[in-house]
Structures are given as C-alpha cells and as structure tokens.
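Trainee: Could we go through this one together? I'd like to know where the labels come from.
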Amino acid sequence: MIYLDNAATTMHKPQCVVDAVVNALTSMGNAGRGTHEASLDATMVVFGARMKLAQLFNAESPEQIVFTANSTQSLNIAIKGVINKGDHVITTEMEHNSVLRPLYEMEENGSELTIVKADLLGNININDVENAIKSNTKAIVCTHGSNLTGNLNDIEKIGAIAKKHGVIFIVDASQTAGVFEIDVQKMGIDILCFTGHKGMLGPQGTGGMVVAKNVRVRPLLSGGSGVQTYLKKHPEEMPTALEAGTLNAHGIAGLSAAVDYINETGMENIRKREQALMWDFYNKIKDVDGVKVYGDFSKEERCAIVTVNIWDFDSSQVSDVLYNDYGISTRPGAHCAPLMHSALQTGEQGAVRFSFSHFNTEEDVDAAVNAVIEIANEKR
Amino acid sequence: MAEQKKLHYYILFKTYTQGMMMQELLKKDGIKSRIAPAPRAIQGELGCGMSLLIEPELIDAVRESIAKTKAEYHDIVPYETNINPGRNRFC
C-alpha cells in the first residue's frame, strides 16, 4: 500500500516513537499522582515533553504547554475559554470544522462572527482581517495551513495585526506543527493549537496548546488534578488549570520521542523532503487533460498537499479506484472544511487529496502520477 | 530501631510542573533534592501532592538558587522526619 494520506495522520511513525510508547505502556504509572517510581517515571516523561515542546515552539515557559487529545480539543478550550457573549471574533473561510463549529456555537450563545472570504485559489487577503476588526473584537482565529489546499497563511503578519489592535490571536497549526518553524513569541501567537499525530509524527490521542502567560483561558473541564484536593475549584495554575483528568502519558511519551526525532533529523530536512515529493507530483500531473488542481502553487513554501479532481468524476469513486486498483491511499469527498469547498467550488464533487510524508519515495509519487493519468485517460 | 528525628525542608508547590521545573533549576546549580510526597500536615489547602525534600545543610543554597532563578513555589517548610532522605533512586 502506498500511503498518501499524511494530512489525515502520518501512518509511518519513527521507530523511536513506537519504542517509546511500548516502553511507557510497560513501565509508567500516572503522571502527577504520586512520587513512587512508576508515577515519577510518568511525571518526568510528561515534564520532559513539556520542555521539548516549549523549546520547539519558543514558549515562554514549559508551564505554558498544555496537553490535550488533539487539535479539536485544543481549539475548543481556546475558543470557549476566551470568548464571551458580546465579543466579536474574526476567522476565515480556510478553516476546518474544528475552528468553525465551536465558533458557530459561540455565535449561537451571543458572540459575533466575521468570516473573511477566500478567493478561487483558496487564499485570504490579510487586509480583510485587519479591516474586520471592531471595537469589540476579542480574537482572531485562523489556520496556519489549509488542510484542503495546503496554502499557508502569513501567521507573523496576522499576529502583528492582532498585537497592534490588542486582539487575542489563536492559531490552528494542525497541518504545520513539526514541519514548519513556529515561534509563538516572534509570530505574536497567543494560543497555538496543535495535534501530535500529523506532522509531529506522534501517536493519535496527543495534542496540545501553547498559551501566552498574559492570556487567561477559562477551563473547559474541571475535576481530577492530583493537586489542591481540598479546594472546591479546579487549580488556576498552568498547565494544571487546563489539564483536568489523567493525561495520555503513554501517548505523550511517543510525542516526546517524536520531537527528538524531528530535532535529530532536522525540521528543514523533513519539510524540504516532503515538499520535493509534493512538487514532483504536482509538476507531473498539473497539465494532464482532465486534471484540475486546487490551491495556490505560486509560492514555494506550502504544505505537502495536492488536491485534485479528475474531469467530473465523483472524488470518492476516484479515491476508491486509486486504492482498489493501485493500492494508493488518499482522502476524497469533503474535508471538514465546508467554506473552503464553497470558495473552490468543489462542494458537489468534493476533491481527492494527496498528502506526502518525508517517508514517502519517488516511486510512490510515480505510481500516483501513473494512476492519475490512467484514470484521466478513461474519459477520452 | 532507634528513632532518628531530623529537621528537613520541604518545598511545596501548587502543581507538579512547578516542582519539576524547580528540580531542573536546582540540578543546574548542582543542588540535590528528592521528589517526595508532601506531608499532609504541612500541605495546607494549596500545596500539591509532591514536594522537594531538601537536606538542612543545603537550604541556604536552595534559597540563593531560587532568588536567582525566580523559580515558583508555594512554600518552604521545615519539618521533622525520621525518614532517611538519602534514598534518591529515581531522580
């Protein structure tokens, strides 16, 4: 099987990640729930992961790293934790439902929402973000990279706009964390939301947030914390404030090993490799009769995603043929980004997404190119 | 066995993460500490379940290190114990 669905999850994990999880499953107690060896093992692994992630994203302190189950949980905590009734929020048509649905929920509860439009290439105009700011604007929530087109947003520029107007800046880095350099302080990011199982190369069920020290986030959950037992209120100190319940320390052990792998391999090397495969694929299929590629390929720096349609073929059927006849795994249909599909006019047909990992090979790319050409030729 | 009561110092924290951060900073200054459950009698309402147990002869160095690094903690409490804190197998 040729796995080209890395934007959904990276299936091929580094061996050190697998080993770390297995080791954790056979040795670790509950992090932050005691001081015997098994508990301390877990506590130290979790703390080690916080330190590594704080360094990776240039957080102000390891305490500002919050572990969650995934980006969706991080975004829900961030959005529901800072926005109140009467607040205005700005987001974009590039967003995934993990941003849109919590925002719609907040809108129903009395906040105001402006959604900045995307063009036919799937890009937003950053000026539109600044122009949408009003006196009651509380936050800008936007993606770093589109899961549908692979287009990147200039996060540093949007962060500067947010800082200029005193607005909280929440970034969805689901498609970029672990692959693109993210410096939360330099980029003016108040809350970074990431998942552990995509570009970070960790296990599913891991993710997190990087929260600026001056931002107060209302907890989504309260309960077990391992500390301050006799208080009625959940602890206010970070990161415990946003981490009610037992952490997924087994998964975090894998995520920690994954950060080591990224550091040792070099994030730039990983990025260049997967981008080279993406560009190779793009260049070989872009002019094939019947193939329509979505997104902006005028910039060298983009996520390793190529989303296409072939003639008017149903995208799900194309993906089905790709898997059953060629053994190539892709993602068809809608991609949890309904407004992006509307902007690209692919609401009806959906689209087939090819997404690459640095573990893929040139042979994988050539097999996918060959398959696309053969399927496109069926219409002639 | 004869009782060996000895005054030790417990550094108390509001979260485990505060405690782990403090131990890292003390390690950098070459100061030994041991992670131990905070004795219930001195935890109060706010203390977290863990503490750093410090031998009495090191407490001045610890205070200097804390003043320098501004490491966060809840309290430093002297407390009599008959447990030998020399056992530091896990950290």
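Predicted model: local features only at pLDDT ≥ 70, side-chain atom pairs only at ≥ 80, totals over all residues.

Trainee: What makes us speak of domain 1 and domain 2 in chain A?
Mentor: The domain assignment does: domain 1 of chain A covers 15–265 and domain 2 covers 266–377. Their C-alpha centres lie 28 Å apart.

Trainee: How do you know which residues of the two domains are in contact?
Mentor: Contact means heavy atoms within 4.5 Å. By that rule, 35 residues from domain 1 of chain A and 29 residues from domain 2 of chain A take part. About 2700 Å² is buried between domain 1 and domain 2, and carbon and sulfur atoms give 62% of that area.

Trainee: How many salt bridges and how many polar contacts does the rule find across that interface?
Mentor: For a salt bridge, a side-chain nitrogen of Lys or Arg has to be within 4 Å of a carboxyl oxygen of Asp or Glu. Across this interface the count is zero. Polar contacts, though, turn up in 14 residue pairs.

Trainee: Which helix gives the largest share of domain 1's side?
Mentor: That's α7(A), with five residues. The side of domain 1 that touches domain 2 divides into 15 nonpolar, 15 polar and five charged residues.

Trainee: Why does the radius of gyration of chain A agree with a compact globule?
Mentor: Set the two values side by side: a compact globule of 380 residues would have a radius near 21 Å, and chain A has 21 Å, so they agree. Its C-alpha trace spans about 75 × 55 × 30 Å along the principal axes.

Methods: Residues numbered from 1 in each chain as written. Chains lettered and ligands numbered in written order. Heavy atoms only, no water. Domains from an automatic or database assignment. Buried area = accessible area lost by both parts, 1.4 Å probe. Polar contact = N/O pair within 3.5 Å; in protein donor to acceptor, adjacent residues only side chain to side chain. Helix = DSSP H or I, 4+ residues; strand = E, 2+ residues; numbered from the N terminus. Nonpolar A, V, L, I, M, F, W, Y, C, P; charged D, E, K, R; others polar. Rg over C-alpha atoms; globule rule 2.2 N^0.38 Å.
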